[in-house]
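Please look over the structure shown here before reading the short report that follows.

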Amino acid sequence: MLMKSFNNYLTHALLIAVLVSIAAPGIAQKSETNPDVSLGIFPKGKLGPADHFTGKAWNYDMVPSDTTLSTVIGNVYFEPKARSNWHSHPAGQILVITDGIGYHQIKGEPRRDLKKGDVVTCPPNVVHWHGASPKTGMQQLYILPNTEKGIVKWLQPVTEEEYNNQN
Ligand code: MN
């Protein structure tokens, strides 16, 4: 009786060891290619140009600029530490954070933390930047209204000091 339960124990232990060895490489691979943010809804898109971004920011265009709706919609996934340059939007911008952790800062104001579910409105012609936190990426939906007034005016990169300064 005792021997039988010991054999059962060995069988279970072996089964668990086999299952863990099958599952572990998959988990490791997933966290390597997709560190902190699920990209399940939209395609990753194209890498944003180094002229406008520090680090890797992936852009997926959803609604292009046209004269009927005059609205641009797209998705950006910022990898950890990635951020936009300082910039402004002639008609303002709305951000909807769909995953991860990041920052938004209007020039002259404290840096604001962003997380999944946050909504940010940025008024017209206000200089600002947005991006991921150092350890966790951020995914955001952006909406640009009234594009007949313009879409974006790019400025200088956000320095390491500016990025790390909370105020
Ligand atoms: Mn912006």
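Which strands each supply at least two residues of the lining of the largest pocket?

## Basis of the model

This is a predicted model, in which local features need pLDDT of at least 70 and side-chain atom pairs count only at pLDDT 80 or more, while totals for chains, interfaces and linings use all residues. Residues are numbered from 1 along each chain as its sequence is written, and side-chain values use heavy atoms, with hydrogens and water left out.

## The largest pocket

The strands that each supply at least two lining residues are β3 (57-63), β4 (72-78) and β11 (138-144); strands are DSSP runs (E, at least two residues) numbered from the N terminus. About 370 Å³ of space lies in this pocket, and of the 24 residues that line it, Phe-53, Asn-59, Val-76, Tyr-142 and Trp-154 are the closest to its centre. A pocket here is an open set of points on a 1 Å grid over the protein atoms alone, where a 1.4 Å probe fits, with protein on both sides within 12 Å along at least five of seven lines, and lining residues have an atom within 4 Å of a point. The volume is the space filled by probe spheres set on the points.

## The manganese site

The manganese ion is coordinated at 2.1 to 2.2 Å by His-87 (NE2), His-89 (NE2), Gln-93 (OE1), His-128 (NE2) and His-130 (NE2). Donors are N, O and S atoms within 2.8 Å of the metal (3.2 Å for Na, K and Ca), and water is not among the atoms, so sites may look incomplete.

## Asn-75 in strand β4

Asn-75 lies in strand β4, and its side chain makes a polar contact (a pair of N or O atoms within 3.5 Å, one able to donate a hydrogen and the other to accept it) with the side chain of Gln-139 at 2.9 Å.

Key
Helices (H or I, at least four residues) and strands (E, at least two) are DSSP runs, numbered from the N terminus.
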